[in-house]
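Here are my notes from a pass through this one, as numbered points. Have the viewer open while you read.

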Amino acid sequence: MQPPGADPNQPPHSANSPGPGSPPPAYGQPPTVVNVNNYSAPQPAYAWVPVIGSSPNGNIHIVHLLITLFTCGAWAPVWIIHAIIMAANDKRKVVYPVPPMPAPPSTIGPGYAPGIQADRNQQALAMVAHQKSRRAEARRLAAGDPLTAKQLGVGRRDLRGRQYDDGGLIDINRVPAEIFTQFTGITADKAAHIIEVRASLGGAFSSVEELMVAAEIPPHLADEIAEYAIAIR
């Protein structure tokens, strides 16, 4: 039974038939049916994922087999080459964007690592400041208690096994000639001359300034000698 107002020439509608506003299916083609139960989530793609689907490869291989049999095996090389080409075409390479590798810290430079070198420079500067403070401390000790300074070996670079750190001072009244050569620009002959001058003055210089004048030390060495030399009486 059709509803009122319906065209008597049209067949009744069913649950699976298109509604009044839907276009009729093409002639000879069944209506499209969507089965929500067969939904499959998108497959995550990986590198070299084989393409699965309808392919005429099976029929082609049959044709190649028949031709190979007909030609008594002469067609086999062509079959092999074609099979290799088809195998390569049946794979697709899916490229994923690869996140860039994090850049290493800025420690790469021409022959050294700037980051590490900066730390070493800071350590070197700290060491220089530490030694300078040790020299100042040893000078105060020698000025206030020269006997203790002598017992601790202040300024005696020639003595081994000293326990007191004087920051590298040189006692110009007690060190031998070879220690004087540790000053920049003091040669062995000049060091021997300093020892002779010291002996002529009674075996001791009264000050570093007297050493500079009496031994005729070049003026450009004054800063270094003033920094490291000490005259303990």
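**Notes on the predicted model**

1. Start with Arg139: its side chain comes within 3.2 Å of the backbone oxygen of Ala226. Bear in mind that this is a predicted model.

2. Where does Arg139 sit? Arg139 belongs to helix α3, which covers residues 114-144. Its relative accessible area is 27%, so Arg139 is partly exposed. Leaving aside residues up to four places away in sequence, Arg139 touches Leu169, Ala226, Glu227, Tyr228, Ala229 and Ile230. As for Val154, it is 15 residues from Arg139 in sequence, and the C-alpha to C-alpha distance is 8.8 Å.

3. Glu227 turns up again in a salt bridge with Arg135, at 2.8 Å from N to O. This pair links distant parts of the chain: Arg135 is in helix α3 and Glu227 is in helix α8 (residues 222-228), 92 residues apart. Arg135 is buried because its relative accessible area is 5%, under the 20% cut-off. Glu227, at 28% relative accessibility, counts as partly exposed.

4. Arg134 has 19% relative accessibility and so counts as buried, as the cut-off is under 20%. Glu137 is partly exposed at 31%.

5. Another salt bridge is the one between Arg162 and Asp166, whose closest N and O atoms are 2.9 Å apart. Is Asp166 buried or exposed? Asp166 is buried, with a relative accessible area of 2%. Arg162 is partly exposed at 28%.

6. Last, a word on the surface. Ile62, Leu65, Leu66 and Leu69 make a nonpolar surface patch of about 400 Å². Leu66 lies in helix α1, residues 57-70. With a relative accessible area of 55%, Leu66 is exposed, because that value is over 50%.

How values were computed
Residues are numbered from 1 along each chain as its sequence is written. This is a predicted model: local features need pLDDT of at least 70, side-chain atom pairs count only at pLDDT 80 or more; totals for chains, interfaces and linings use all residues. Side-chain values use heavy atoms; hydrogens and water are left out. Patches are made of residues with over 30% relative accessible area and no salt bridge: like charges are joined within 9 Å, nonpolar side chains (Val, Leu, Ile, Met, Phe, Trp, Tyr) within 5 Å. Accessible areas come from the Shrake-Rupley method with a 1.4 Å probe; for residues, only the protein chains shown count as cover. A salt bridge is a side-chain nitrogen of Lys or Arg within 4 Å of a carboxyl oxygen of Asp or Glu. Helices (H or I, at least four residues) and strands (E, at least two) are DSSP runs, numbered from the N terminus. Buried means under 20% relative accessible area, exposed over 50%, partly exposed in between (1.4 Å probe, protein chains only). Contact means heavy atoms within 4.5 Å. A polar contact is a pair of N or O atoms within 3.5 Å; within protein, one must be able to donate a hydrogen and the other to accept it, and residues adjacent in sequence count only if both atoms are side-chain atoms.
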